[in-house]
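Reader: Let us work through this model one feature at a time. Start with the surface, please.

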Protein chains: 2
Amino acid sequence: MFDNLDGLIEAFNNGHTRALARVISRMENDDSERYKIIENIYPRTGKAYVLGITGAPGAGKSSLIDKLLTFLREKGDTVGVIVVDPTSPFTGGALLGDRIRMEEHFQDSGIFIRSMGSRGNQGGLAKTTQDVVKAMDAFGFQWVIVETVGVGQTELDIMHVVDTNIVVLTPGAGDSIQMIKAGIMEIADIFVVNKCDLPGADKVAADIEMMQDLRYEQLKWRPPVVKMSAINVLGFTELLESIEKHHFFLKKAGLLDERRKKRAANETLDIVNYQLRRLVKQQAELPGKVNEILNKVALRQQDPYSAAVEILKNVILDSKFFV
Amino acid sequence: MFDNLDGLIEAFNNGHTRALARVISRMENDDSERYKIIENIYPRTGKAYVLGITGAPGAGKSSLIDKLLTFLREKGDTVGVIVVDPTSPFTGGALLGDRIRMEEHFQDSGIFIRSMGSRGNQGGLAKTTQDVVKAMDAFGFQWVIVETVGVGQTELDIMHVVDTNIVVLTPGAGDSIQMIKAGIMEIADIFVVNKCDLPGADKVAADIEMMQDLRYEQLKWRPPVVKMSAINVLGFTELLESIEKHHFFLKKAGLLDERRKKRAANETLDIVNYQLRRLVKQQAELPGKVNEILNKVALRQQDPYSAAVEILKNVILDSKFFV
């Protein structure tokens with residue numbers, strides 16, 4: 001089934017869920033197939049609303065997503081979910097750890113859940129996740145939810161592709177400090193203080209408000225702080241309202257288009273970069289001019305900065321690499 | 001003092017410590033000055049031995065470095081120390097947190113200590129650290145010690161520039177798990193289990209040995225596990241021996257040169273990349289061909305992969321950018 005790529009893309013375009021799963025796997029495994037897939041599906045992207053859910057392990061992201069799924073499905077919307085875990089070597093449809101509750105949604109064709117681990121090239125996880133968002137979007141899901149733990153550059157990169165990013169915190173454990181360190185304050189659109197029945201919840205909420213007083217004075221959107229409790233279903237309605245408000249704010253301020261435009265530009269420039277790197281690396285491994293220059297640098301006969309300019313000048317400009 | 005760059009470089013070459021401090025600040029603040037500085041000092045690099053000290057906050061890195069400094073100074077060697085903390089906004093000669101003990105060495109002209117924070121561009125900390133290593137090396141320090149917390153890609157990148165990397169762990173706190181997650185196992189040349197008078201130290205040491213049984217079977221160098229205690233000065237001699245053994249191993253196996261060669265190549269390719277990115281970004285912000293292509297991508301009229309190729313073809317190849 002789906003032995004050739006054209007057939008696969010056709011099945012994808014006809015809405016076969018198994019073709020979506022296969023398309024994602026192919027993109028993960030083969031760069032040249034990925035290019036071809038994206039080229040084909042790209043015109044149909046840009047319709048889904050992308051939600052990010054970011055928080056430490058144990059913050060209650062899974063049950064939050066579980067509730068969102070139930071709510072969105074009840075009103076008839078379809079949802080793609082991407083669970084990103086850079087520390088996991090696993091990828092694919094497999095469930096990760098404690099996401100047992102999500103399992104019930106697996107039977108539902110209006111929902112597609114995919115986990116992304118570190119398989120494939122390290123630097124590429126953020127890029128692959130972006131492309132998986134595109135695949136789910138082009139496939140027709142109205143919502144794409146991206147779950148991340150929110151540590152490290154890879155995850156920050158991923159969070160830049162979402163429309164509304166929800167940062168989930170819990171009382172205690174110095175979460176707020178960690179969050180500042182990780183640069184998460186800057187990318188949050190909504191804060192959830194989860195497990196708000198635990199002691200210290202008010203302190204966390206107050207901390208966030210205080211940090212916002214310091215940071216967000218100039219901004220038009222001040223991320224609301226929603227106190228939630230998974231156990232007694234507190235705060236969920238408020239969260240939904242906050243998402244809607246943020247969406248409305250982005251649209252009204254023209255930011256939804258502006259952000260997506262900027263994102264498209266950044267993504268393209270990232271690919272330019274990645275392609276170039278690949279080309280130069282290929283050349284560096286063969287005998288020839290690039291190799292010669294690099295040897296000179298190793299022998300301290302040339303400094304790396306002037307060598308870089310020379311490589312760009314003499315080798316990259318050789319247009320035969322761009323056929 | 002040092003108002004023009006040539007005068008500054010001359011003072012640097014004449015061994016004025018204040019010129020070293022100024023050279024580092026200039027490299028941090030101005031890319032074009034950095035290129036000129038590196039071009040000038042690069043031929044004199046490649047002589048220092050670079051030690052990495054990696055471990056979580058509170059693992060005892062500072063007192064370990066303190067001991068190393070005392071030991072190396074007693075035998076007459078000179079040492080540059082770089083303290084990298086990507087989460088700190090501070091940079092410069094300022095002391096970070098608990099490094100009071102290092103302070104006594106500040107009076108010693110055979111020692112130069114510099115802290116590196118996140119000031120300047122985010123993605124650039126690893127690159128700047130590499131260049132500061134070069135400055136200290138060219139300045140004539142026989143040893144350069146780079147201290148990092150060891151989380152995130154930036155720090156992994158930094159650790160790839162050291163000759164011998166010492167990873168410092170402490171009993172408890174799930175250190176070993178964190179270490180595997182962060183990819184630190186792969187870059188350790190020596191393990192130190194610090195605070196070995198605390199309960200659980202043997203367990204940590206055994207965990208490391210077990211993980212090495214799984215991982216390092218094929219390698220010629222098996223990172224030794226040194227148990228240390230800062231309080232009763234246990235294990236320090238063993239650590240020094242391990243460093244010496246590792247240095248000897250690298251030299252004998254031809255790996256010291258091989259690694260440095262590879263490092264020079266990677267660094268040059270990183271700069272190629274960085275330069276190109278800068279060029280394309282400049283173009284993207286002006287009206288013109290790149291801008292046009294990026295707009296098409298935003299409007300879903302062209303996919304980002306084919307756009308990337310087109311940008312490389314049509315714009316980067318325009319050699320006027322490389323004058």
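Author: D202(A) counts as exposed, at 54% relative accessibility. Buried means under 20% relative accessible area, exposed over 50% and partly exposed in between, with a 1.4 Å probe and protein chains only. This is a predicted model: local features need pLDDT of at least 70, side-chain atom pairs count only at pLDDT 80 or more, and totals for chains, interfaces and linings use all residues. Residues are numbered from 1 along each chain as its sequence is written, chains are lettered from A and ligands numbered from 1 in the order in which they are written, and side-chain values use heavy atoms, with hydrogens and water left out.

Reader: With which residue does D202(A) form a salt bridge?

Author: The general idea comes first. Side chains of opposite charge can pair when their charged atoms come close. A salt bridge here is a side-chain nitrogen of Lys or Arg within 4 Å of a carboxyl oxygen of Asp or Glu. The partner of D202(A) is K227(A), with the closest N and O atoms 2.6 Å apart. K227(A) sits in strand β7 (residues 225–227) of chain A, and D202(A) in helix α8 (residues 201–215) of chain A. Helices (H or I, at least four residues) and strands (E, at least two) are DSSP runs, numbered from the N terminus. K227(A) is partly exposed, at 36% relative accessible area.

Reader: How many salt bridges does the structure hold?

Author: Over all chains, 28. Some charged residues form a network: R34(A), D131(A), K134(A) and E267(A) are linked by salt bridges.

Reader: Take E28(B) and R114(B). Which parts of chain B do they tie together?

Author: E28(B) lies in helix α2 (residues 17–29) of chain B and R114(B) in strand β3 (residues 111–116) of chain B, so the pair joins parts that are 86 residues apart in sequence. E28(B) is buried, at 17%. R114(B) is buried too, at 5%.

Reader: And D163(B) with R260(B): are these two buried or exposed?

Author: D163(B) is buried, at 0%. R260(B) is buried at 16%. Their side chains meet in a salt bridge of 2.9 Å, N to O. D163(B) is in the loop between α6 (152–159) and β5 (164–169) of chain B, while R260(B) is in helix α10 (residues 255–284) of chain B, 97 residues apart.

Reader: What does H246(B) touch?

Author: Contact means heavy atoms within 4.5 Å. Not counting residues up to four places away in sequence, H246(B) touches Y49(B), D163(B), T164(B), D189(B), W221(B) and R259(B). H246(B) belongs to helix α9 (residues 236–252) of chain B. Its relative accessible area is 0%, so H246(B) is buried.

Reader: Now helix packing. How should I read it?

Author: Two packed helices are described by the angle between their axes and the distance between the axes. Axes are lines fitted to C-alpha atoms, for helices over the stretch in contact, and angles run from 0 to 180 degrees between N-to-C directions. In chain A, the axes of helix α9 (residues 236–252) and helix α10 (residues 255–284) come within 5 Å and cross at roughly 80°. α9(A) and α10(A) are therefore roughly perpendicular to each other, a label for angles of 65 to 115 degrees (under 35 is roughly parallel, over 145 roughly antiparallel, the rest oblique).

Reader: Which residues meet there?

Author: From α9(A), H246(A), H247(A), F249(A), L250(A) and K251(A); from α10(A), L255(A), L256(A) and R259(A). By class, the contact has 4 nonpolar, 2 polar and 2 charged residues. Ala, Val, Leu, Ile, Met, Phe, Trp, Tyr, Cys and Pro count as nonpolar, Asp, Glu, Lys and Arg as charged, and the others, Gly among them, as polar.

Reader: Where do I find backbone angles worth checking?

Author: K195(A) has a positive phi of about 55° although it is not a glycine. K195(A) is in the loop between β6 (190–193) and α8 of chain A. R300(B) has a positive phi of about 60°, and is not a glycine either. R300(B) is in the loop between α11 (289–298) and α12 (304–316) of chain B.

Reader: Last, what rotation superposes chain A on chain B?

Author: One of 180°, with 0.0 Å of shift along its axis and an RMSD of 0.1 Å. The two copies are thus related as by a two-fold rotation axis. Copies are superposed by least squares on the C-alpha atoms of residues with pLDDT of at least 70 in both. Of the interface residues of chain A, 100% are also interface residues in chain B, so the copies meet through the same surface.
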